[in-house]
Amino acid sequence: MAAPEASPEAGGRPSVVLGVAGGIAAYKAAELLRRFTETGHDVTVVPTPSALHFVGEATWAGLSGKPVHTQVWESVHEVPHVRIGQSADLVVVAPATADLLARAAHGRADDLLTNVLLTARCPVVFVPAMHTEMWEHAATQANVATLRQRGALVVEPAVGRLTGADSGKGRLPDPDEIFAICQDVLAHGVGEPDLAGRTVVVSAGGTREPLDPVRYLGNRSSGRQGVALARAAVARGAEVTLVAANVTLPDPAGVKVVRVETTEELRDAVVSAAVSADVVVMAAAPADFRPLDATDTKIKKAGDGSVPPLELTQTPDILAELSHTRARPGQVVVGFAAETGDETGSVLDLGRAKLARKGCDLLVVNDVRGGAVFGSGDNQAVILGADGTQIEVPPGPKTALAHAIWDEVAPRLQD
Ligand code: CTP
C-alpha cells in the first residue's frame, strides 16, 4: 500500500485515529498519544466502552484536545462512524485485545471503533496485548491471519511480565516502539511482504571492550540504524534476530534480541545466527581493538603521576569472516562503512576499497565527517553493490535508509 497523504481536514497534519480496546495496557496508550500530539499529529481517540474501565474519557480528551466517543449514537448528525475512518491517514489500535481482533476480523460494527475500522481506507495497525494463552489460541491466531491477509499490520506482542505474576508473550510493546512503527507506516504504508519466509540477522550498537571491572573502550554507536533495519525487515515479513551490542533503545517488536557486550561475543552470536540466515547485515560498530589484558581489579593512579601502559590487540573482523565463509549458499551479506575520507581517497573511494576488501555484497557508506550520524535519527548514505551498483539515499530518517537497503537486498535473494 502506498504511503498516505496528510489529511486536509487535519490542517495538513497527519491524521491518526488511536483505537483503544479494553485491556490493562490501555494506560500505555496514553503515552503513545502524547508522542503523536507532541510531534504534530492530529489524533482522534476512539476507545471501546470497556477501555474506559481502565483509562477514563477525561484522560483521552485532555491529551488529544478533542471530544471522545465510544458509540455511533453520539454526535450522530456528524456521522462520526464514517467521517473518522474516511479522513484518517492511519488507524492504530493499541492495545488490541483478543475480543477486538475477533470483532475486526469478522467485520462486526457494534461500537464506534469497529465502525471506524470498516470505513478506514488508510493503513491499519493492530498492536495486540493479552495473556499468552489468549494470544496463542487458534481462534486469535486465525483472526490475526485474516487481518494480515487483508493488508493490516498486526504487530507481534512483546515477551515479558504480564498482568499479575506470570510472564510470557503478550505484552504491549514499548510506546516508543509502537510510535516508531506508526511513523514507518505513515511514511511507507504497509509494504509488500517481500521478505516473507526469509531469515535475517542484523547487528546493532557499539561494543565495549573491558579495560578493568569499571572501564571499557567503546564508541558512540547508538544502534538506531540496526533497530530501524530490524523493524523494517519485520514489517516486510522476515523472521529477524537482532544482535544488540549495548543498545539501550526499546526492543523492536516481533524481533528476537540477543544481547552482547564485546566484539568477541558479537562475533559468536552473529556467526551462530548466520547459519540459518538468508541475509546478514552488520550495522554494529564493533571495536577494532581491545585491551590485551583486562585486569580483574581496578587500575589505580600511580603516585608518581605515571600513566599505565595500554597494550591493544586486534579483534576479529566479523564482516570479512561472514563474507568469505558464507554460512549458506546465496546468503546476502551487507556491511556498513563510516568514512571521513582522507589523503588516500574520498569517502566513496574508501567505500569501494572496503567493499572489495571485506567481500560483502552491499556496503552502506556513511559520510561521518564532523561526527554526523552517531546517535541521530537521520542518516544519509550511498549503497554500493559488489556488482557495481551505486544507490544514493537522500538525507532522511534511518527508517528510510533501512527500507532503501532492503529494497536492494530483496532482489538479490535467490529462490
Ligand atoms: N566490522 C566487523 N568487525 C570488526 C569491525 C568492523 O564486522 N571488527 C564491520 C562493521 O560492522 C561494518 C564494517 O565492518 O559493517 C565496516 O566497519 P568500519 O569500522 O568502517 O571498518 P573497519 O573494518 O574497522 O575498517 P577501517 O577501520 O580500516 O576503516
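Trainee: Which atoms of Ile318 lie 3.1 Å from a nitrogen atom of the ligand?
Mentor: A backbone N or O atom of Ile318 is at that distance from the ligand nitrogen. Keep in mind that this is a predicted model.

Trainee: What about Pro316, how far is its polar backbone atom from a nitrogen atom of the ligand?
Mentor: The distance from that backbone atom of Pro316 to a ligand nitrogen is 2.9 Å. On the oxygen side, Phe336 has a polar backbone atom 2.8 Å from an oxygen atom of the ligand.

Trainee: And how much of the ligand does the protein bury?
Mentor: The protein buries 77% of the 570 Å² that the ligand exposes when taken alone.

Trainee: Which residues come nearest to the ligand?
Mentor: There are 16 residues around the ligand, and the nearest are Ala284, Asp288, Leu319, Lys354 and Lys358. By class, that shell has 10 nonpolar, two polar and four charged residues.

Trainee: Which helices and strands supply at least two residues of that shell?
Mentor: Helix H12 (318–325), strand E16 (332–339) and helix H13 (347–358) each do. E16 gives the most, with four residues.

Trainee: OK, zooming out. Where does the ligand sit?
Mentor: In the largest pocket. The volume of that pocket is about 920 Å³.

Trainee: How many residues line the largest pocket?
Mentor: The lining has 38 residues, and Ala284, Ala285, Pro286, Phe336 and Ala338 lie nearest the centre. The lining divides into 16 nonpolar, 13 polar and nine charged residues.

Trainee: Which elements supply at least two residues of that lining?
Mentor: Helix H10 (224–235) does, along with H12, E16 and H13.

Trainee: Now the second largest pocket. What is its volume?
Mentor: About 700 Å³. Its lining is made of 32 residues, with Leu153, Val234, Ala235, Gly237 and Ala238 nearest the centre.

Trainee: Which elements give two or more residues to the lining of the second largest pocket?
Mentor: Among the helices there are H9 (175–188), H10 and H11 (263–274). The strands include E5 (153–154), E8 (199–205), E11 (239–245) and E12 (255–260).

Trainee: And how do the residues of that lining divide?
Mentor: For the second largest pocket, 17 are nonpolar, eight polar and seven charged.

Trainee: What is phi of Ser75 near?
Mentor: Phi is near 50° there, a positive value in a residue other than glycine.

Trainee: Why point out either of these?
Mentor: Because most residues other than glycine have a negative phi, and most peptide bonds are trans.

Trainee: Where is the place of Ser75?
Mentor: Ser75 is in the loop between helix H3 (57–64) and helix H4 (80–86).

How values were computed:
Residues are numbered from 1 along each chain as its sequence is written. This is a predicted model: local features need pLDDT of at least 70, side-chain atom pairs count only at pLDDT 80 or more; totals for chains, interfaces and linings use all residues. Side-chain values use heavy atoms; hydrogens and water are left out. A residue is near a molecule or strand if one of its heavy atoms lies within 4 Å of it. A polar contact is a pair of N or O atoms within 3.5 Å; within protein, one must be able to donate a hydrogen and the other to accept it, and residues adjacent in sequence count only if both atoms are side-chain atoms. Accessible areas come from the Shrake-Rupley method with a 1.4 Å probe; for residues, only the protein chains shown count as cover. On a 1 Å grid over the protein atoms alone, a cavity is a set of points where a 1.4 Å probe fits but cannot get out, and a pocket is an open set with protein on both sides within 12 Å along at least five of seven lines; lining residues have an atom within 4 Å of a point. A molecule sits in a cavity or pocket if more than half of its atoms lie within 2 Å of its grid points. Ala, Val, Leu, Ile, Met, Phe, Trp, Tyr, Cys and Pro count as nonpolar, Asp, Glu, Lys and Arg as charged, and the others, Gly among them, as polar. Grid points are joined across faces, edges and corners, and a volume is the space filled by probe spheres set on the points.
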